[in-house]
Amino acid sequence: MKPAPTLLSPAFLHPAGQALPEPLLALRKQRGAALVDMPMPTRKTENWKYSSKYLKLTDEMATSLPTTGKTGSALAVPGYKVVFINGVVMPEASEYPDLDNIRIQRFGDLSDAEASDLVERLDSTLDAKAVQFAGLNTARFEDGLVIRLKPDAALDQPLFIIHEVTADASGSAFPRIFVDAGRNSQLTLVEEYISSGEEAVFVNSVTEFTLAEGANITNIRLSMGGENVQHIGATGVTQQRSSRFESHCVGFGGPLRRHDLRVRLEGKGAECKLNGVVVTQDTQHYDNHTTIEHVAPNCDSEETYRNIAADKSHAVFNGRIHIHPDAQKSNANMSNKNLLLSTGAEIDTKPELEIYADDVKCAHGATIGQLNEESLFYLVSRGIGRREANVLLTMAFINELVTQIPVEAVRDTVQARLSQFFDQAFQEV
Amino acid sequence: MLSIKNLHASVEGKEILKGINLEIKAGEVHAIMGPNGSGKSTLSQVLAGNDAFEVTSGSVTMNGENLLEKETEERARDGVFLAFQYPVEIPGVSNLQFMRTSVNAMRHHRGESEMNAAEFMKLAREVSKQVDLDPAFLKRGVNEGFSGGEKKRNEIMQALMLQPKLAILDETDSGLDIDALKVVSDGVNALRAEDRAILMVTHYQRLLDHIVPDFVHVLADGKIVKSGGRELALELEDRGYAWLGIKDDETAANSAN
Ligand SMILES: Nc1ncnc2c1ncn2[C@@H]1O[C@H](COP(=O)(O)OP(=O)(O)O)[C@@H](O)[C@H]1O
Ligand SMILES: [Mg+2]
């Protein structure tokens, strides 16, 4: 007989905040009921194989973090921004674009009719069976943002979403975003996950994008929470005809970091480009699971992920490409390269291809290696210090991806964080 | 300037250098010739401090200081420069970034202020012209996708930028066509100076038509078996290595080049 699985503690099934339209409250309740017998992932759970041991949720962390009070250390970012503190939008710290064809609304401000419409669409981009924790977010969100781009709408600058948790006590936060991109609309959405305070907290976030025909969306996701933050996040994307989705995920490790990114290419000629950079050190962890579904024919996907693991840290990459029977003339490229900066570090990588159409071009490659000794020698033979040579070569490994991030302020933030990383990773070099 | 005494070195337990003795004074140009596998690159790499090679005995001093106990980067900052036989390709690090980091590391060591981007660019453009490399190369990854000749010119460019005290040129002539050979040897000749020593490693004598050495040494099986003036190189060209009792299959076939 199989031992009974450990279930998600019931403590996690009590949502806070009732200031939501009735249809959303009902949805929350319904999702919560469905999670009553949700087993917690273990080593034997296929998509949590390498990461379940890092997930350490306690009942103290089940309570929603308070949503009033200070706005924490939310970054001084230029331009349009929406600040979430502990999963709830802070309007006074936010700056919305004032345009007729772009509507940004909090869940709480939706009419019942609008909320009913949203209920139809929430979770539609994510397969609840594969991404269970997305269901937990739906059972627990207290607030959220719907961003609606009308046909041809375009924002002239990036929209920043700052997700901060203020960990002055143990607890959790469930930020939620839904982006509805109309025909030929354009947006660059930057999400930054940050934290302040020291107590152990749990962040469970979900961001969804639905792209209508010809929509062009860029999503930059920066994961920079502290050593006290366990973060499970999911991003779901559905794409109609000739739409384009570009994603840049830059993640720094933590006690538990998990990101599921799922893209469904549902309309002919849709295209996605997914870039990812992960950097871990000490005993940190980071796990990226990506899935690209080629449902319609003539779609292109290009995925490039790089992991760098120092010290005794652990990075995981699982990249799945699924080409459906009707998806003829699919073009899918996946590259995952991994750099171990120490013999104590671990990287697990697994490309998964499922191809059910015959006329497709599909290429994938994964490598794991260390810094090249010959290259190091060449650099130091020119008087360059050993530490700096290590930094140059490590940067060389991810430079191509960092320079592709289309927002300068984000590149600067990433560079600054990388400098901190190098200071520690190469302090003994 | 450089004094090598009874130098023995091995790689993976196999002895390659078997007692090298060599004295080089400032202002001199020395050529080391020898068949493939005789240990020329090993000697060059040992002098630059590649720890893939283990020095088992002997000594090397430069201007009276023990070179062997210094790290590679310290040797470089003290003026040792090695033009690699096989320059390394480093995608992701631009040539410009690489050279600027290098130049500034040297300046820092000498207590000079760093060169800013504009100053550096000006210098780099000038020098790239001197070795006939399109400045567009500066933006590419270090040696990335460079032809053999371009890599060699890039090595000489670095030597000209860094102005070393001791320049070791490991087969900088190999794989060059006549025009490129001229460019490279002009670069080397521009390096000749009273306070600088040059150690040229070459398989063929043709480079020595352009850069006239003060001394020529023949390296065979890890030892210098003969030393002389430039006429030794000419003699080697005429007669191959065989008259010295050295086996070399290639030179006979290639000496016509
Ligand atoms: N990294 C290495 N590992 C093993 N053997 C090496 C290595 N480098 C050189 N050797 C050996 O040392 C000998 C001398 O090589 P090298 O110094 O490159 O000669 P040359 O430059 O004169 O052609 C050769 O037999 C070569 O195979
Ligand atoms: Mg050689």
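Student: What should I know before I start?

Tutor: Residues are numbered from 1 along each chain as written, and chains are lettered from A in the order in which they are written. In this predicted model, local features need pLDDT of at least 70, side-chain atom pairs count only at pLDDT 80 or more, and totals for interfaces use all residues, while side-chain values use heavy atoms, without hydrogens or water.

Student: How many residues of chain A and chain B are in contact?

Tutor: Contact means heavy atoms within 4.5 Å. Here, 17 residues of chain A touch 32 residues of chain B.

Student: And how much area do the two chains bury between them?

Tutor: Buried area is the accessible area (1.4 Å probe) that two parts lose on being put together, summed over both. For this pair that's about 1900 Å², with 64% of it on carbon and sulfur atoms. On chain A's side, Phe377(A), Tyr378(A) and Arg382(A) supply 42% of the area chain A buries against chain B, more than any other three residues.

Student: How many salt bridges cross the interface?

Tutor: A salt bridge puts a side-chain nitrogen of Lys or Arg within 4 Å of a carboxyl oxygen of Asp or Glu. The rule finds three between chain A and chain B. One of them joins Arg386(A) and Glu71(B), at 3.7 Å from N to O.
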